[in-house]
Amino acid sequence: EGKPTGKCSPCPIYCYNCNEDSSFCEECEEGYYVNHQGQCERCEQNCKECSSSDPTECDLPMEGYYVDENDKKPHKCIENCIECENDKICKKCNEAY
């Protein structure tokens, strides 16, 4: 934990929640993860949540994508689909579909 400074300082860039002296991020914005230095780094493209232990593996994809079980990367759903199981099975279609 950081030392309270009695001042309001901004958290590191892309950081949603940081320690008291604003030097170490505890929770990053969507699409980012906390690295070992307490800074936010981008997950793989089209990935909403990834692990700091292996940021190349996607835990939760962005809308319209699914995570492939083999490569753990986000892949696009079929056309007009916002939530899918794989590249053939849609679980939730776009509005009006």
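This is a predicted model: local features need pLDDT of at least 70, side-chain atom pairs count only at pLDDT 80 or more; totals for chains, interfaces and linings use all residues.
## The chain as a whole

Let's start with the big picture. The chain has 97 residues, and its secondary structure comes to 10 strands and 0 helices. Read from the N terminus, then, the elements are simply β-β-β-β-β-β-β-β-β-β.

As for overall dimensions, the C-alpha atoms fill a box of roughly 55 × 30 × 15 Å along the principal axes. The radius of gyration is 17 Å, whereas a compact globule of 97 residues would come in near 13 Å. Buried residues make up 29% of the chain. Among contacts with a separation of 6 or more, 8% join residues 24 or more positions apart.

The largest nonpolar core has 7 residues: Cys15, Cys18, Cys25, Cys28, Tyr32, Val34 and Cys40. Strands E1 (15–18), E2 (25–28) and E3 (32–34) each supply at least two residues of this core. Apart from it lies another core, this one of 5 residues, including Tyr33, Cys43, Cys50 and Cys58.

Val34, a member of the largest core, touches Cys25, Glu26, Glu27, Cys28, Gln39 and Ser52, leaving aside residues up to four places away in sequence.

Cysteine 58 lies in strand E6, which covers residues 58–61. It counts as buried because its relative accessible area is 4%, and the cut-off for buried is under 20%. Once residues up to four places away in sequence are set aside, cysteine 58 touches Cys47, Glu49, Cys50, Val67, Lys72 and Pro74.

How far is cysteine 58 from glutamate 26? Their C-alpha atoms are separated by 19 Å, and the two residues are 32 apart along the chain.

## Rings and charges

The structure holds 1 aromatic pair. It is made by tyrosine 14 and tyrosine 32, which are stacked, with 4.2 Å from centre to centre and 10 degrees between the planes. The pair links distant parts of the chain: tyrosine 14 is in the segment before E1, tyrosine 32 is in strand E3, and they are 18 residues apart. Tyrosine 14 is partly exposed, at 35% relative accessibility, whereas tyrosine 32 is buried, at 16%.

Tyrosine 32 has a charged neighbour too: arginine 42 lies over its face, 5.2 Å from the ring centre. Elsewhere, the charged end of lysine 76 sits over the ring of tyrosine 65, at 5.3 Å from its centre.

## Glycine 38, a buried loop residue

Is glycine 38 buried or exposed? With a relative accessible area of 0%, it is buried. Glycine 38 is found in the loop between E3 and strand E4 (40–42).

Leaving out residues up to four places away in sequence, glycine 38 touches Pro12, Ser23, Phe24 and Cys25. Take proline 12, for example: it is 26 residues from glycine 38 in sequence, yet the two C-alpha atoms are 8.5 Å apart in space.

## Two residues with positive phi

Lysine 72 is not a glycine, but it has a positive phi of about 60 degrees. It lies in the loop between strand E7 (65–67) and strand E8 (74–76). Lysine 72 is partly exposed, with a relative accessible area of 32%, and it is one of the residues touched by cysteine 58.

Asparagine 80 is also not a glycine, and its phi is positive too, at about 65 degrees. Where does asparagine 80 sit? It is in the loop between E8 and strand E9 (81–84). Its relative accessibility is 24%, so asparagine 80 counts as partly exposed.

Conventions. Residues are numbered from 1 along each chain as its sequence is written. Side-chain values use heavy atoms; hydrogens and water are left out. A nonpolar core is a set of buried Ala, Val, Leu, Ile, Met, Phe, Trp, Tyr and Cys residues joined through side-chain atoms within 4.5 Å. Buried means under 20% relative accessible area, exposed over 50%, partly exposed in between (1.4 Å probe, protein chains only). Helices (H or I, at least four residues) and strands (E, at least two) are DSSP runs, numbered from the N terminus. Contact means heavy atoms within 4.5 Å. Rings of Phe, Tyr and Trp (its six-membered ring) pair if their centres lie within 6.5 Å; planes under 30 degrees apart count as stacked, over 60 as edge-to-face and the rest as tilted. A charge sits over a ring if NZ of Lys or CZ of Arg is within 6 Å of the ring centre and within 35 degrees of the ring normal. The radius of gyration is taken over C-alpha atoms; the globule rule is 2.2 Å times the number of residues to the power 0.38.
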